[in-house]
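Student: Could you take me through this structure one feature at a time, giving the general idea before the case at hand?

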Amino acid sequence: MNFFEIFKESWRSLKANKLRSLLTTLGVIIGVAAVIVMIAISAGTEATIAESIYSLGSNLVFITSSFSRVGPNQGPQPQQGGLVYDDVTAIREKVKGVTGATVDQQASVTVRYNSTTLDGVTLIGTTPDYPTVRGLEVASGRYFNETELERTQKVVVLGKTIAQNLFGESDPIGQSIVVNKTRLTVIGVMAEKGLVGGTDFDQLIYTPIKVVFQKFTPSQFARFMGNRVRQITVSVDPNANLDEVVQQINLLLATRHGVTLDSPDFSIRTQADIVKAREETTQTFRNLLIWVASVSLIVGGIGIMNIMLVSVSERTREIGLRQALGATPLDIHLQFLTEALMLSLVGGVIGMLAGIGGSFLFGKLSDMRTVIVPSAIALAFGSAALVGIFFGFIPARRAAMLDPIVALRHE
């Protein structure tokens, strides 16, 4: 019996019990679809995280002060030393390949203009490089410059939403607003940026960091911290070697702070480092989801084996007749193995279509992004084929081992 005849006979046998065959494939269908959907959700999450991180700016390096606990019931505090504001200037001037360096200190403030009051607004004290490093644009007016920073001039740039809430359709440039008890002059309005990395940039206002040091830092904290900062953000020239730039920053800061590279009072991470760490976290979650979805494939395989064993029992006389007409044990084995494989492949095809459609619908109807991964489709379909072969082997072998005489006498 050639392969075409085996395939034709297997298909005829499955068509003879259409409903049973369809129900048998349900486990495989659900398993394949679940694997595709789960991987699509995981891949979508990874893509969203990566885009969010890279949308903060291009080719960024994040330098953070190291932290230690200084006593019971106290939060993390910077170690003695740590990053200071002057480190920003040193990095910008002495490290080759750096296109910009900035720092930001945040404060929660109340903003007033005429009769309009906004509470809980985030004030960002930063440097003139901030828009360049963070990929922001000024829609109207301008951003503050180095002279205004060094002279601690009381100027402010508004996020788009803040400007609309305070001034409506009026031009805010040149107007004065009261931030807590300090009057600041509006010199610019940022272009719309939206929500990035959990931060709504349109709800922020920006002022020179020295103004924040002077006017918006609690005095007790200021005496303790001085001009120390928590994080410095550096943008690197795309044509520069990122590893070399990071090494230069390490050496510069270690020298300035009087520490060794083995025990620095700062840590450095690139955007790629952050994305990789997030991907490792989501990869663990993805693997868990795949294992859970794979249980359905195993259950489907058990269902296929169960039905094939029933089929062998029901068709014992048919098997004996085929053997009497010249069919070899190998022919019988291949026929029943092909039937099991066809069941799993049909389930795999339906599951593949259901998984692709389900991933698309899930992405459209929910807030979570989905990305269909071709390799996941191949993995799920291949797994379905392996399930058919593995769980179909025992029933096929049992059919092939039947004694022809006993089989013919079976009622």
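Student: What should I know about the conventions, and what is the average pLDDT of the protein chain?

Tutor: This is a predicted model, in which local features need pLDDT of at least 70 and side-chain atom pairs count only at pLDDT 80 or more, while totals for chains, interfaces and linings use all residues. Residues are numbered from 1 along each chain as its sequence is written, and side-chain values use heavy atoms, with hydrogens and water left out. As for pLDDT, the predictor's confidence in each residue from 0 to 100, the protein chain averages 80, and 85% of the residues score at least 70.

Student: Over which residues does pLDDT stay under 50?

Tutor: Where pLDDT is low, the predicted coordinates should not be read in detail. Here the value stays under 50 over residues 68–79, for which the model has 19 contacts (heavy atoms within 4.5 Å) beyond four places in sequence. Residues 220–225 are also below 50, and this stretch has 4 contacts in the model beyond near neighbours in sequence.

Student: How many helices and strands does the protein chain have?

Tutor: Helices (H or I, at least four residues) and strands (E, at least two) are DSSP runs, numbered from the N terminus. The protein chain has 14 helices and 15 strands. Of its contacts between residues at least 6 apart in sequence, 78% join residues at least 24 apart.

Student: How much of the chain is buried, and which residues touch the most other members of the largest nonpolar core?

Tutor: Buried means under 20% relative accessible area, exposed over 50%, and partly exposed in between, with a 1.4 Å probe and protein chains only; buried residues make up 45% of the 411 residues. A nonpolar core is a set of buried Ala, Val, Leu, Ile, Met, Phe, Trp, Tyr and Cys residues joined through side-chain atoms within 4.5 Å. The largest such core has 25 residues, among which V32 and F336 touch the most other members. The elements giving two or more residues to this core are α2 (18–54), α10 (271–314), α12 (329–365) and α13 (374–400), and α13 supplies the largest share, 8 residues. A second, separate core of 24 residues includes V103, I232, V236 and L253.

Student: Is T152 buried or exposed, and which residues does T152 touch?

Tutor: T152 is buried, with a relative accessible area of 17%, and its place is in the loop between α5 (146–150) and β8 (155–158). Not counting residues up to four places away in sequence, T152 touches K210, V211 and Q214.

Student: Which side chains meet in salt bridges, R92 being one of them?

Tutor: Side chains of opposite charge can pair when their charged atoms come close. The rule asks for a side-chain nitrogen of Lys or Arg within 4 Å of a carboxyl oxygen of Asp or Glu, and by this rule the count comes to 5. One of them joins R92 and D129 (2.8 Å, N to O); R92 lies in helix α3 (residues 86–94) and D129 in the loop between β6 (116–126) and α4 (130–134), so the pair ties together parts that are 37 residues apart in sequence. R92 is partly exposed at 25% relative accessibility, whereas D129 is buried at 16%. Another salt bridge links K160 and E192, whose closest N and O atoms are 3.3 Å apart; K160 is partly exposed at 30%, and E192 is exposed at 58%.
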